[in-house]
Amino acid sequence: MKSKPKEQKLFVYLTCIYIFSWYLQIGLRVDILGAIRFEFILGAFLSVCAIVKLLNEPQPTRLKGPVIFFFLVLGFYTIFSYDRSVSWDIFYNRVIKFSMLAAFLAAFVRTEWALKMVVAAFLLAMLKMGQEGFMGWISGGMIWQNQGIPRLHGVTPLYRHPNSYSGMAVGCLPFIFYLYPIVNRWQKSLLALLLIFSLIIIVFTGSRTGYVATFLLAAYFWREKLKHHKLKYIFIGIALIFVTYISLPDAYLEEAEGSSSDARIRIIKDAISVFINHPWGVGVAAFPSVRMEMFNKFQDTHNLYLELLTNMSLLGLISFSVLIYRIVIENKKIINNEWSSPFIIALSRSIIAFVYARLFLGVFGMDTYEIYWWFALGLTIATLRASTFRNEDKKSLFKKKLSYKKQQL
């Protein structure tokens, strides 16, 4: 039997602080923390400790292979790139740095308590950003013209663009949907508040990327509910579609100024041409440079799947798909395990839906090198470990009780 993991509470707290600080870009909000580069120092310290711990890990998870495969593909297309300086910058500042979050979660989060702390830190950061969006909408201070319509913007550079801000809000919905039924009353109140903030952000950012992703995610949630209450949720689905349509401001339903749809179609055509001319890939984040050379236009793909295909060929698309597939499969195994707790099951469902939400957003967004995949990966590994040790404890207790009953007989 596996020995129960030792709780390293200090590292759990530090990981929570890092998650909260990173999402809120705390260094830009608090001058002294920015001056001492607080996020960098904390991240560097946790990185060293996490790498040392993971290198001594006796039993890696089944996610190790897909992660290594994806990393090798990214590394290869950084070295052999049409714009090596850009590729290296993205590989170092996004791939390596963002992947460290997965390492923190895999190394330090081993119990259900630690998982709850991490999820709480993440949702508190989302709640703060949601509150800022709500106040920016009420006051009008964060709404200004973008592509011909008034759009809500985020406070920090990370989520200043309406599409990014909308994507952040969409990413909150899976955790709200699955955690709400299992938490206590005051936690329900906070999740309900976060839901209100998220919906306001999604609507008033005027992001069609967010609208499409929200619709597809809602369909995913609705499909699950249909399994148990078909007629009831058919009527609820029809009502929600009607209410949503009449609630959206007219300006957001109209074609945005600047013919953005035509621009996206042009990008898709150019991306296909780039892929045909460079079927082995142009390199990590090198598409804009190659597009400029071929068509005298610099905009990126605005599509996750075209980004993977043009940057890293079919190999990149396959390696990414294998990683995502493994994340989903491992979480489904946790959900189907009879020993899993209600919280762990809810969290695994949230992770799967979160990944799907990011894939939906990827239809109109370039997210290959973003942190979301590493966050989902780290949470999955942490949930696997917490679930494994909990299962061992439950099985051991069950065997002891069974043995005791036999002795009594």
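So, Met126: setting aside neighbours within four places in sequence, Met126 is in contact, meaning heavy atoms within 4.5 Å, with Tyr23, Met168, Cys172 and Leu194. Keep in mind that this is a predicted model, where local features need pLDDT of at least 70, side-chain atom pairs count only at pLDDT 80 or more, and totals for chains, interfaces and linings use all residues. Residues are numbered from 1 along each chain as its sequence is written, and side-chain values use heavy atoms, with hydrogens and water left out.

Met126 and Tyr23 turn up again in the largest nonpolar core, which has 105 residues; along with Phe175, Phe375 and Leu377, they touch the most other members. By core I mean buried Ala, Val, Leu, Ile, Met, Phe, Trp, Tyr and Cys residues joined through side-chain atoms within 4.5 Å, with buried being under 20% relative accessible area, exposed over 50%, and partly exposed in between (1.4 Å probe, protein chains only). Helix H16, residues 342–361, gives the most to this core, 14 residues. Helices here are DSSP runs of H or I, at least four residues, and strands are E runs of at least two, numbered from the N terminus. There's also a second, separate core of seven residues, including Ala271 and Phe287.

Okay, strands. S1 (residues 143–146) and S2 (residues 149–152) run antiparallel, joined by four bridges; pairing takes at least two DSSP bridges. Ile143 has Leu152 as its bridge partner in S2. Two residues sit between the strands of this hairpin, and Gln147 takes a positive phi near 60°.

Last stop, Ile41, in helix H4, residues 38–55. Ile41 is partly exposed, at 48% relative accessible area.
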